[in-house]
Amino acid sequence: GTPARSVSIDQSNSAAIALSEQGVLYISTGMQLFRLDAGTLDVIATRAIDPPYDGQPLNNLGQIAVDAQGNIDVSGGNGWAIWQVAPNGIATQVSEGEAEARRSGGNTSVLERAPDGLVYG
């Protein structure tokens, strides 16, 4: 196929990857999300739609999981919650309570998508 175009990647954080059922590779670098599909590497510009982060991009991203529709579940980000990022970058908080999805002393949650589609941290 055609080679992926290059993009600048923030390398100050460790990366996390997820592979969709369709063979699309998703990458989190801590501050950025990328989608590699059919040789094209795209930045997924995130925007939270839940208060108090409404309109802000997600940051401090951790582990990721992806579903068949291309939604990305990501731990961390704006309050250490678990967020679901739609293919268009709109991020909705999916963890309950006070957006405190982890209390692990600095390590992000590990996410796993079960066969039934649920994500577990």
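**Figure 1. Contacts of Ala-18 beyond its sequence neighbours.** With neighbours within four places in sequence set aside, Ala-18 is in contact with Val-24, Leu-25, Tyr-26, Ile-64, Ala-65 and Val-66. The model shown here is predicted. Ala-18 belongs to strand S1. Is Ala-18 buried or exposed? Ala-18 has a relative accessible area of 10%. The cut-off for buried is under 20%, so Ala-18 counts as buried.

Figure 2. Strand S1 covers residues 16–19. Which residues form its covered face? Ala-16 and Ala-18 do. Ile-17 and Leu-19 make up the uncovered face. In a regular strand, side chains alternate between the two faces of the sheet.

Figure 3. Strand S2 spans residues 25–28. S1 and S2 run antiparallel and are joined by four bridges. Ile-17 stands opposite Ile-27 in S2. Five residues lie between the two strands of this hairpin. Gly-23 takes a positive phi there, near 85°.

Figure 4. Strand S3 runs over 33–37 and strand S4 over 40–44. How many bridges join S3 to S4? Five do, and the strands run antiparallel. Leu-33 has Ile-44 in S4 as its bridge partner. This hairpin has two residues between its strands. Ala-38 lies in the loop between S3 and S4. Phi of Ala-38 is positive, near 55°, in a residue other than glycine. Ala-38 has 71% relative accessibility. The cut-off for exposed is over 50%, so Ala-38 counts as exposed.

Figure 5. Asn-60 sits in the loop between S5 and S6. Relative accessibility is 40% for Asn-60, which counts as partly exposed.

**Figure 6. The open sheet of five strands.** The strand order is S5-S9-S8-S7-S6. The pairing in this open sheet is mixed. Which strands stand at the edges? Strand S5 (47–48) and strand S6 (61–66) do. Each edge strand has a single partner strand, so one side of each is left without a neighbour in the sheet.

**Figure 7. The pairing of S5 with S9.** Strand S9 holds residues 90–93. S5 and S9 pair in the parallel sense. Two bridges make up this pairing. Arg-47 stands opposite Ile-90 in S9.

**Figure 8. The whole chain, for orientation.** The chain has zero helices and eleven strands. From the N terminus on, its elements run β-β-β-β-β-β-β-β-β-β-β. What percentage of the 121 residues is buried? Buried residues make up 38%. Consider contacts between residues at least 6 apart in sequence: 39% of them join residues at least 24 apart. The chain exposes about 6800 Å². Carbon and sulfur atoms supply 49% of that area.

Terms used: Residues numbered from 1 in each chain as written. Predicted model: local features only at pLDDT ≥ 70, side-chain atom pairs only at ≥ 80, totals over all residues. Heavy atoms only, no water. Pairing = 2+ DSSP bridges. Buried < 20%, exposed > 50% of the residue type's maximum accessible area, 1.4 Å probe, protein only. Contact = heavy atoms within 4.5 Å. Areas by Shrake-Rupley, 256 points an atom, 1.4 Å probe, with all protein chains shown as cover.
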